[in-house]
Amino acid sequence: MDRRRIRVLLVEDEEIHRVVARVVLRAAGVEVEEAENGAEAVRHVRERVTGGGGAYDLILTDKQMPVMDGLEATRQIRAMGVVTPIVAVSSDSLPSDVQAFIAAGANDFAPKPLTKEKLGHILAKFGLA
Amino acid sequence: MAATMKLGTLGHAASMLSTGLLDEQFQKLLLLQDGSDPNFVAETITLFCEDGERTIGELTKQLDKRCVNFDEVAAFVHKLEGGSATVGAQRVKNTCIQFLEFCKEKSRDGCLKTLDTLRVVFYDVSGKFKAMLQLEQQQAEATK
């Protein structure tokens, strides 16, 4: 029986981080969609919720982005009733940064850069491996 | 061909690793490269070099202002810190961390001194990255 590929939404404004994360995610066999800021991410998620395309299995989001940051995007996604695991992947990794993300509704936090090992841990934690 | 290219890059990277210019994150990037995306490492380090040059230019402008906005300066440094962590440019990353401390203290002098250091370490690593890419290209052309 074919197993559906894991669908991940990658939310990141800087190309260098998207390039690396994309390769790490594809190496893990996941399907990647990308959003360049929090507002785009919220729109992608809303389209999946209302369009019946099936929810994402995982959302990886940066913190500092133009238009809408990762914290606000996380709040708005949770406000839609979406329970998809959200993991912040950010260089801002002080305890206060982590706590802010968890308070906004994120499930976990990983400091940048995204690596195979960190992704493996995230996928295993949320039963997606 | 891919194996030859990798060996050339690894040789170059080995000296950058041994001198502390790069850390193990760069080795992880090399291991991620495969046939489906043979330009991945070149693309990533090119982005780092281009973004880094732009950021250093912006930092120079910001610190030249009569009234420095340290939050804006910190945002630019943070961006370079993230990029350097992603490619394993350890010395650049560590200099950015020091820079952010001076931004927190709102010390223009501290920021200016660290910007000088940042320029030196950034152009050192980006120069070596560019030499690496040139070597890769020459090897690729030689094996055609």
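1. In this predicted model, the side chains of Glu117(A) and Lys28(B) form a salt bridge, with 3.8 Å from N to O. The rule finds one salt bridge across the interface of chain B and chain A. One residue pair is counted in polar contact between chain B and chain A, both residues being at pLDDT 80 or more.

2. On the side of chain B that touches chain A, the elements giving two or more residues are helix 2 (24-32), helix 3 (40-64) and helix 4 (70-87) of chain B. Helix 4 of chain B gives the most, with seven residues. By class, this side of chain B has seven nonpolar, six polar and five charged residues.

3. The contact involves 15 residues of chain A and 18 residues of chain B. About 1500 Å² is buried between the two chains, and carbon and sulfur atoms give 69% of that area. In chain B, the residues that lose the most area to chain A are Leu32(B), His78(B) and Thr86(B), together 34% of what that side buries.

4. Chain A has an open sheet of five strands in the order 2-1-3-4-5, with parallel pairing. Strand 2 (31-35) and strand 5 (108-111) of chain A are at the edges with a single partner strand each, so one side of each has no neighbour in the sheet. From one strand to the next, the twist averages 20°.

5. Strand 1 (residues 7-11) and strand 2 of chain A run parallel and are joined by five bridges. Arg7(A) has Glu31(A), in strand 2 of chain A, as its bridge partner. Helix 1 (residues 15-27) of chain A packs on the sheet, touching strand 1, strand 2 and strand 3 (58-61) of chain A.

Methods:
Residues numbered from 1 in each chain as written. Chains lettered and ligands numbered in written order. Predicted model: local features only at pLDDT ≥ 70, side-chain atom pairs only at ≥ 80, totals over all residues. Heavy atoms only, no water. Contact = heavy atoms within 4.5 Å. Buried area = accessible area lost by both parts, 1.4 Å probe. Salt bridge = Lys/Arg side-chain N within 4 Å of Asp/Glu carboxyl O. Polar contact = N/O pair within 3.5 Å; in protein donor to acceptor, adjacent residues only side chain to side chain. Helix = DSSP H or I, 4+ residues; strand = E, 2+ residues; numbered from the N terminus. Nonpolar A, V, L, I, M, F, W, Y, C, P; charged D, E, K, R; others polar. Pairing = 2+ DSSP bridges. Axes fitted to C-alpha atoms, helices over the stretch in contact; angles between N-to-C directions.
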